[in-house]
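Please keep the sequence and the 3D view open while reading.

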Amino acid sequence: MNQFLQATIYGLLQGCMFGLVAVGFSLVWGVMHVINLAHGAFVLLGAYLAWQLHAAFGLDPFLGMLPAGIVLFAFGYALQRGLINLVVNAPIFITLLLTFGLELLLVNGLILVFTADYRSIPTTYAGRSFVLPGDIHIPFGRLIAAGGAIAVTSGLFYVIRRTRTGLAILATGMDRGAARLMGIGARHVYALTFGIAAGLAGMAGAAVGAVNTFSPADAGRYTLLSFVAAVLGGLGNTSGALIGGLLLGLVEAWGGQLLGGTWINAVAFAVLVLVLAIRPQGLVGKAYYASRVEV
Amino acid sequence: MNIRTLVVVCAALTVAAVGCRSKGDAVPAAAPTPEAEQKFLLGASLSLTGSLAREGGLTKEGYELCAKVVNDKGGVSVGGKTLKLDIQYQDDTSKPDTAAQLVDQFNDKGVKLILGPYGSATTEAAAAVIERNGQVMADSAGADDKIFQKNYRRTFAVLSPATQYAASMVQAISDLAQPKPKTFAFISADDGFSKTATKAAIERAKALGFVVVAEEYVPNATSDVSSALTKIKPLKPDVIVGSAHVVESIAIVRQSVELGVKPLAFAETIAPHTPDFVKTLGPASEGVLGSTQWTVKTAGKDKWFGSASDYAATFSKQFGGRAPAYQNAQATAACLALIIAAEKAGSVEPTKVRDEMAKLDEQTFFGPIKFSESGQNVVKAMSVVQIQNGHAVGVWPKDSAEAPLKWPGSAPDKG
């Protein structure tokens, strides 16, 4: 029983981390209808930035989430405004091609600058754990990351639902033509959305760097993970990615306990297929995003 | 052409350029020139990007050092001519099918002598093409015994086979650990090499009288092994043996600290000898055992690189004071085997080089090189290292040990 409880708690903490990685990906897909294949590379940019800040100034990686988020926001804003905006109305295949190309450029750039070495941002506390009765361990690092994921998702929810900027993003995502008629600048809103998503990826990267090993080769894995979490949770809802991530974390933890470690990926994708078959819009997604008006 | 069309074309070209470059199409086949004919041409398909980029990079360094040392000494004497070593590199992106395509491309360009890629899966894919094309491959990092059970005659591995990787650590613990542990748990990545190493080690452990309490498998290249550790924890094994690559091995130690799994020792096949292991884990890496193809105390000498310690000094000079990992040394040794075989053959003609490779019986800085009929170097023993004060030091076999084994080895609560 303790073993199962330990697996469940660890799975939930992992799930929060998955959610943090995926939330920006889900936002861009939901609002802009762009599947950003470079998202995993953004996560790694955040991880390397936090690593560099730690190496140069001894900055704690969880505090490094803030500068990583700000720098990635600026990078994402400029990238969307200068490049991705040019193909935002193009067929999805073109945006896939462009973001795939970006991913290759960024990953190879990271290899050139940082080499392919495995890295981690050391802290004195991330590996230590709270010990609950029954010898259940709750690692500090993952707990902080999970708390960060919940805080970031809640913050995003507030911004999207309660601020004029957020409502503009939501409105543009739902119906760009009508939003323009209301005086919303779609180019700016799209760039803002992409910037926020990149910033969130950067924050996730800093957290990943504190509790995991990373190297440029991990970009594809984080993009795939984001894709699965976003689809599981459903697009068009800021908490969708977190809920999808939590489900993914739990499924992996329970799958590993009940069926064995090599079945983890198979079980995770089987659940994805099952959710898509029963509820195509995802667990908390709204179907209206599928029928949004294009102008 | 409007702006959108322009961007689409640019995007397509970007992907084409980067993608094709990564698979090696960008280098056109050049017509042989008189200058090129004076070169000893070798091809190397390596994992320079993708999941094995780190290990592929170490392999490339080993090949580069080989070329530098040999060329600095004037080159290779083949059939009365002195040829400069010229190694052409291509990136297989850590994918076996790409590695096989690149070996085919080398053949089309007339490059018949090949230095192996990193890893068993890529080597296995490349070996099939080598055999079909009549090329010759010096395998530096493909250890899975499966590669050598297909009656190939043109692939020669300088390294010890996969069955020795984890089994040598079990043997070292049995020989050296006091008090002797009783129970072992095994965590293995699910790729062919790791599974072969695990099966052999389990057999060795049982033969030595240890009790094997768990045998868990995790996805290859995963950074989350918490499921396996959660299952192992209640069994309280004395030793956890990880048969995996660097990233999984780091996860085993890191997540054991997080989950409160505290064996007497961790033993991880290839990772502890990689510089990233200590850098990433810090104090938690202290005491972890690893198996290695080579240490600075390895016995043997050759005319190009001298002894193992000479090799370490040369490497250190070339790469900014860094000590060589065994992946560097085994890559150089594969290159060396081809050079010696070509010198003995007096030709770079692949069949003649192949015949001399099959007959090799040489002492080198890497230890003895002598191939069995299937192409494995079965005369070379593996060594076992332990992380002591942040460095991997040889502890077994005793006659080439740099320091005594520290036991118990594990220090996970220092994390």
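**Notes on the two chains**

1. In chain B, B:Asp361 stands opposite B:Lys370, which belongs to strand E15. Strand E14 (residues 361–364) of chain B and strand E15 (residues 367–370) of chain B are paired in the antiparallel sense over four bridges, and E14(B) and E15(B) make a hairpin that has two residues between them. Here two strands count as paired if DSSP finds at least two bridges between them, while helices (H or I, at least four residues) and strands (E, at least two) are DSSP runs, numbered from the N terminus.

2. A word on the origin of the model and its labels. This is a predicted model, in which local features need pLDDT of at least 70 and side-chain atom pairs count only at pLDDT 80 or more, whereas totals for chains, interfaces and linings use all residues. Residues are numbered from 1 along each chain as its sequence is written, and chains are lettered from A and ligands numbered from 1 in the order in which they are written.

3. Chain B is divided into domain 1 (35–160 + 297–370) and domain 2 (163–292 + 382–414), with bounds that come from an automatic or database domain assignment. The C-alpha centres of domain 1 of chain B and domain 2 of chain B are 29 Å apart. Their contact takes 14 residues from domain 1 of chain B and 19 residues from domain 2 of chain B, where two residues are in contact if their C-beta atoms, placed from the backbone, lie within 7 Å. On the side of domain 1 of chain B that touches domain 2 of chain B there are five nonpolar, four polar and five charged residues; Ala, Val, Leu, Ile, Met, Phe, Trp, Tyr, Cys and Pro count as nonpolar, Asp, Glu, Lys and Arg as charged, and the others, Gly among them, as polar.

4. One open sheet of chain B is formed by six strands in the order E2-E3-E1-E4-E5-E6, with mixed pairing. Its edge strands are strand E2 (76–78) and strand E6 (155–157) of chain B, each of which pairs on one side only, and the twist from one strand to the next averages 35°. Within this part of chain B, strand E1 (residues 39–46) and strand E3 (residues 81–91) pair in the parallel sense over eight bridges, and the bridge partner of B:Ser45 in E3(B) is B:Gln90.

5. Helices also pack on these strands. Helix H5 (residues 120–133) of chain B lies across E1, strand E4 (113–115), strand E5 (136–139) and E6 of chain B, and runs at about 160° to E5(B). Helix H13 (residues 350–359) of chain B packs on the sheet as well, touching E4, E5 and E6 of chain B, and its direction makes about 40° with that of E5(B). For such values, axes are lines fitted to C-alpha atoms, for helices over the stretch in contact, and angles run from 0 to 180 degrees between N-to-C directions.

6. Another open sheet of chain B has seven strands in the order E8-E7-E9-E10-E11-E16-E17, and its pairing is mixed. E8 and strand E17 (391–396) of chain B are the edge strands, each pairing on one side only, and the twist averages 25° from one strand to the next. Strand E7 (residues 183–189) of chain B and E8(B) pair in the parallel sense over seven bridges, with B:Phe184 opposite B:Val212 in E8(B). Helix H7 (residues 192–207) of chain B lies across E7, E8 and strand E9 (239–243) of chain B, running at about 170° to E7(B).

7. What does the contact between the two chains take from each? It takes 42 residues from chain B and 44 residues from chain A. On the side of chain B that touches chain A, H1(B) gives the most, with 10 residues, and the residues of that side divide into 19 nonpolar, 14 polar and nine charged.

8. In chain A, the axes of helix H2 (residues 39–57) and helix H9 (residues 219–233) come within 7 Å and cross at roughly 120°. That makes H2(A) oblique to H9(A), because angles under 35 degrees count as roughly parallel, over 145 as roughly antiparallel, 65 to 115 as roughly perpendicular and the rest as oblique.
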